[in-house]
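Dear colleague,

Please find the structure below, followed by a short account of what was found in it.

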Amino acid sequence: SKTIEIAQAEQQGEAEKTKEIKETKETKAQPARKNEQPVFAAPLEGKTKVVLAYSTDHAIYDPTLEQYRTNASVSLSAKKGTEVKAAADGVVKEVKKDAHGEDWLTTYGQLADAVAVKEGESVKQGQRIGTVAAPTKYGVALGEHLIFAMEQNGEPQNPMEKMKTAE
């Protein structure tokens, strides 16, 4: 499966700040004003069930690993082939997760290999960026799902608290 990362940077000349990723496609978006938090949309339409919650401060049970661990993303139930949409405007880039300063980084995992965006392409909030893939052998216990993560300044953020349409 593929992963797409979307990084949101400060507007004033910060578009070049974000630099790499590992075998993933990504996007960099800019908020309307410097130091203003972007308004994120949900990557899936309609109500979705959280099948593995965000929890960085205490361990939660992960049925895929059959053990307790922390989790810096949220896994949202979605059928294979479900459209995944960009949570914010941006440009598809190769990005290093450790080189984004005050930028926001959104990551979409468990996507089909045929992603709908390519490096250097501009994307808009709500634009289709890919579709959900069948779960890998490591995620099969969760069923079909999208892995959605957010970071600000390299620190994990709870996507369910940041999305304007969080259920």
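Which side chain does a polar contact of 2.4 Å join to that of Asp62? The partner is Thr64; a polar contact is a pair of N or O atoms within 3.5 Å, where within protein one must be able to donate a hydrogen and the other to accept it, and residues adjacent in sequence count only if both atoms are side-chain atoms.

The model is predicted, so local features need pLDDT of at least 70 and side-chain atom pairs count only at pLDDT 80 or more, while totals for chains, interfaces and linings use all residues. Residues are numbered from 1 along each chain as its sequence is written, and side-chain values use heavy atoms, with hydrogens and water left out.

Asp62 has a relative accessible area of 2% and is therefore buried (under 20%; exposed is over 50%, partly exposed in between; 1.4 Å probe, protein chains only).

The whole structure holds 3 salt bridges, each a side-chain nitrogen of Lys or Arg within 4 Å of a carboxyl oxygen of Asp or Glu:

- Arg69 and Asp62 meet at 2.6 Å, N to O; Arg69 is partly exposed at 26% relative accessibility.
- Lys85 pairs with Glu45, the closest N and O atoms being 2.2 Å apart. Lys85 is buried at 16%, whereas Glu45 is exposed at 60%.
- Arg128 and Glu83 meet at 3.6 Å, N to O. Both are partly exposed, Arg128 at 34% and Glu83 at 39%.

Yours sincerely
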